[in-house]
Amino acid sequence: MLFQKLELSSLLMKMFENTAEVIFFFDREGKVIAMNDAAKQILNPDILEQMAKGDPRAICLACKGYTNEQELQTCLSCYIANPQDDFSSFQVYLDTSGKGVLPYTASFQTIDEENGIRVFMLRNLTKQFRTQEKLNEKTMMKNVIKAQEDERKRISRELHDSVAQEMLSSLVDLRVLKYMDVNKDVMAKIRQTEGSLMRLLDDIRHLSVELRPATLDDLGLEAAFRTHFKWIEQNYGLLTEFSAELEAKRYEDEIETVVYRICQEAVFNALKYAHVDVLTVRLYEQDGNLTLQVEDRGIGFDMNSRDAKGTGLGLYGMKERAELVDGQLLIQSQVGKGTRIRLEIPLA
Amino acid sequence: MMNEKSPFNYMKELQKLKDSFNFDFIALALAQPIEHYFVHKWEYALGNRSDRFKRIMLKPGKGIAGHVFKTGKALLVHDVEKTIMPSELFNYPVVATERLKSFGAIPLYQNGRVKGVLLGAYRERQQMTMQKFSEFKQVVDATFGSYYNEEMVKR
């Protein structure tokens, strides 16, 4: 028994000295009576000095509050002042030396009722927080993309179904005027107005398609792409050699959206930066994957270069979108040779 | 003066303008009649590097021609590199594909409406000066008889 007790105390000493966990011992008044090396490392030297002097409020210099149900950082019903409350596990913020305010998971427990000795143990939460944050960011990104897509769909539908329809019926009303008994001047003005209205109607339709093509929802990828490339040609003069070898006409809603948006972005990138007049887009199925390939023989770019030509968000956004459907995005580029974007989405 | 019966020889007139101002590139866009939905294209051009810009349907408010069609005002860009941000350049397809560095665009009016846009351009920076631009406008006024390039203003 004695031997075991000796061993245990030496083990406990070793743990106290070597663990990354920060350990403080407090007496009844809140004076620090002992602390381990880990504790000494995270505290500012002047706070350590205050503690050595036996200031019962020294810990408050480092403590930036703990988390309760109401607030992230609070001093309300402080754990040190209310030892009778349950503080077996909570979150606390400490001002650490050199690293600023960091979150810690803490426990504050009385270990010697008679002498009022309490132990305060802390574990750094930063790493866990970062993991959590990454995870949140991912889900957030997915939600943002989905929200954006939904909103675009709504406005696009609204423009197409209601605004454009109303416009069309005014146009018909105006055309009726032409068959009425009007003089030449009025007729000329009517024709002009008709032209303006037709142009406006065209603009609204374009806006609607630009936001989100109804073709994509109604007819699928191939049709939407053909319309889009036609539009690119008419607006920018860029020719797209498009070939589609698809087994199925339609795919899941989400997959179609991802493929369409990534292709849109890739084509726009080629348009803006590649300095080419022609580019190739292939859409096909292979080994159970839906594959999109956008290729140009333009000026290319240095994949390792850190300064992007645009916002630098385009490629990032494309990757994020690909991940939404467990797809893989491969970007290859060589200065002077061209760029190839390849997206593979498993269809199982 | 232009004769109603014989078609106006645009190419010949463009060539003359190009020669007298030493333009690297000159192009003319004409508005189509109403039945064609007001689709404009660059129909006549000289000194072009490729035919890419001919594929472009001009829309009011977009690009150089669109801007001039919509506002009805002449447009002078002395130095493209200073006026148009590189990230915005793709919105001006003609400037981008033809690598224009300095240009002036003039609206051509008929019956109080912009019927065409004439673009004279250089591939070197700062070639189109204020002086040259106003000369260009004057010559155009004299050549393109049935069109005029100033907005009708009631006095």
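**Reading the labels in this structure**

Student: What makes A:C75 an exposed residue?

Tutor: A:C75 has a relative accessible area of 59%, and exposed means over 50%, buried under 20% and partly exposed in between, with a 1.4 Å probe and protein chains only; A:C75 is therefore exposed. This is a predicted model, in which local features need pLDDT of at least 70 and side-chain atom pairs count only at pLDDT 80 or more, while totals for chains, interfaces and linings use all residues. Residues are numbered from 1 along each chain as its sequence is written, chains are lettered from A and ligands numbered from 1 in the order in which they are written, and side-chain values use heavy atoms, leaving out hydrogens and water.

Student: Is A:C263 buried or exposed, and how do you know?

Tutor: A:C263 has a relative accessible area of 0%, which falls under the limit for burial, so A:C263 is buried.

Student: Why is A:M180 called partly exposed?

Tutor: Its relative accessible area is 46%, a value in the range between buried and exposed, so the intermediate label applies to A:M180. A:M180 lies in the loop between α5 (126-178) and α6 (184-211) of chain A, these helices being DSSP runs of H or I with at least four residues, as strands are runs of E with at least two, numbered from the N terminus.

Student: What makes strand β4 of chain A largely enclosed?

Tutor: Six of the seven residues of β4(A), residues 90-96, are buried, so the rest of the structure largely encloses this strand.

Student: How do you know that β4(A) pairs with β5(A)?

Tutor: Seven bridges join β4(A) to strand β5 (residues 100-112), and the two run antiparallel; strands pair if DSSP finds at least two bridges between them, so this pair qualifies. One of the contacts sets A:Y93 against its bridge partner A:P103 in β5(A).

Student: Why are B:F21 and B:F23 called stacked?

Tutor: Rings of Phe, Tyr and Trp (its six-membered ring) pair if their centres lie within 6.5 Å, with planes under 30 degrees apart counting as stacked, over 60 as edge-to-face and the rest as tilted. The ring centres of B:F21 and B:F23 are 5.4 Å apart and their planes stand at 15°, so the pair is stacked. Both residues are buried.
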